[in-house]
Amino acid sequence: NRLGYEIKRDLTTFSKKISKGLAKPKSKFITQMLYGILAGNKVHLSEIARSLNEAIPLKKTIWRLSRNLSAFEEKDAVMDNYISTVKKQVDEDHAVIVIDNSDITKPCSPTMEAICDVRDGSTGEIKKGYYTIEAAVLSKGKKMPMPVYEKVFSAAEEGFISETHENLCCLKSLSAHFSKTCVRTLDRGFDGNEYYKYFLRNQERFVIRVKKTRNVIYHGKTWNIMDVANKYKGNYRMDFMDKRGKKIECKISYIPVKLCDHPTKDLLLVAVYGFGKEPMLLLTNLKMTE
C-alpha cells in the first residue's frame, strides 16, 4: 500500500509539472492517461479505462477518453513543460544526446493504418510495419537516458516526404530545446551530407559513426576513410566493459580530416580498435581535449 501511494504521489507531481498552464479538465485527463498506461501496461484505451476502475460503465469511460484525446490540442505545451523538467536533470554544457532510427514490425497486422514495408533491423528481412525516430539525453548523475523526442512514421502515410525529412525534424526540435554545446551522437544511418550540412551550419557538436565507403580529404587529397584509418594503429588506449562485464582493451587514433562537400571545415576521424577485426570509425567536430 505504501509503495502504491508513493507511486501515485510521484505520478501526480510529474503530471502537474508537464500540464502546467493547462485547464483543469485537461490536466486531469493527462493524469488519468498516465496512470492508466502505467497501471495497465498498455496504450489501448480499453485497458486504460479498465485501470481507472471508475464507478460507471466501461464503455462510457472509453468514450470520454476517446473524446478528450481527439480534442487534445495542447501537445506542444505539454512537450515544452516536459523538456523543461528534463533539462533540470542534465548538464546542458556537456550533455550527450543519443539519436537513433529504428522500426516496429507488425507482421500479423497487415491492414493497420498506413502500414508499409520496413526492413527489420534484427533479422534484415522486409516486413510490414513502421519507422521510428527517437532521441534521449543522458542525465548528469547516473547517466540515465531520458527521452526527449519520439515519432512513428510511415512511407505510406499521407503527407510523408522522406525519412531524411523526419530525421531533420527531430534535429530541429533538439536545436530548439537544447544548446549547441550538447553532443549529438548518431549511428551510421546519419552518415549523410544533409546531416553534416545541418550540424556544421548550426555549429552544433556531433559524433557520427561513419560508413566504410565514405571518402574524406586527408593531407589535401581524397581518400577512402578506411585507407586513412589503416595508416594508424592507435596512439591512445582506453578500456571498456561490455554488457557481460568483460574488459575490452581499445586503441584509439585521432586523425584530422575534412569532408569533400565541406573542405573548409576541420573534423576529426576517430578510429577505435578492439571491437572487431576492423576499426569502428567516427567523425566529429569535437576537439581531442573534449
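The legends below describe close-up views of one predicted model.

Residues are numbered from 1 along each chain as its sequence is written, and side-chain values use heavy atoms, with hydrogens and water left out. Because the model is predicted, local features need pLDDT of at least 70 and side-chain atom pairs count only at pLDDT 80 or more, while totals for chains, interfaces and linings use all residues.

**View 1. The largest pocket and its lining.**
The largest pocket has a volume of about 2,100 Å³. Its lining is made of 34 residues. Ile37, Lys75, Met79, Glu150 and Lys151 lie nearest the centre. Several elements give two or more residues to this lining: helix H1 (2-18), helix H2 (24-40), helix H3 (45-52), helix H5 (75-87), strand E4 (145-153) and helix H6 (163-177). Helices (H or I, at least four residues) and strands (E, at least two) are DSSP runs, numbered from the N terminus. A pocket is an open set of points on a 1 Å grid over the protein atoms alone, where a 1.4 Å probe fits, with protein on both sides within 12 Å along at least five of seven lines; lining residues have an atom within 4 Å of a point. Grid points are joined across faces, edges and corners, and the volume is the space filled by probe spheres set on the points.

The side chains of Arg50 and Glu47 meet in a salt bridge, at 3.4 Å from N to O. A salt bridge is a side-chain nitrogen of Lys or Arg within 4 Å of a carboxyl oxygen of Asp or Glu. The two residues are 3 apart in helix H3, so about one helical turn separates them. Arg50 is partly exposed, at 46% relative accessibility. Glu47 is also partly exposed, at 23%. Buried means under 20% relative accessible area, exposed over 50%, and partly exposed in between (1.4 Å probe, protein chains only). By the salt-bridge rule, the count comes to 14.

**View 2. Lys128 and its surroundings.**
Asp117 and Lys128 join their side chains in a salt bridge of 3.1 Å, N to O. This pair links distant parts of the chain: Asp117 is in strand E2 and Lys128 in strand E3 (residues 126-138), 11 residues apart. Asp117 is partly exposed, with a relative accessible area of 48%. Lys128 is partly exposed at 34%. Thr111 sits in the loop between E1 and E2. The C-alpha atoms of Thr111 and Lys128 are separated by 9.4 Å, and the residues are 17 apart along the chain. Thr111 counts as exposed, at 79% relative accessibility.

Glu125 forms a salt bridge with Lys127, with 4.0 Å between the closest N and O atoms. Glu125 is partly exposed, at 45% relative accessible area. Lys127 is partly exposed, at 23%. Elsewhere, salt bridges that share partners join Arg237, Asp239, Lys247 and Glu249 into one network.

**View 3. Two residues with positive phi.**
Ala114 has a positive phi of about 55°, although it is not a glycine. Ala114 lies in the loop between strand E1 (96-105) and strand E2 (116-119). Its relative accessible area is 25%, so Ala114 is partly exposed. His219 likewise is not a glycine, and its phi is positive at about 55°. The loop that holds His219 runs between strand E7 (215-218) and strand E8 (221-224). His219 is exposed, with a relative accessible area of 67%.

The structure holds 0 disulfides. A disulfide is a pair of cysteine sulfur atoms within 2.5 Å. Cys116 is buried, with a relative accessible area of 7%. Cys250 is buried too, at 0% relative accessibility.

**View 4. A nonpolar surface patch.**
Met238, Phe240 and Phe275 form a nonpolar patch on the surface. Together they have about 270 Å² of accessible area. Met238 is found in strand E9 (residues 236-241). Met238 is partly exposed, at 38% relative accessible area. Patches are made of residues with over 30% relative accessible area and no salt bridge: like charges are joined within 9 Å, nonpolar side chains (Val, Leu, Ile, Met, Phe, Trp, Tyr) within 5 Å. Accessible areas come from the Shrake-Rupley method with a 1.4 Å probe; for residues, only the protein chains shown count as cover.
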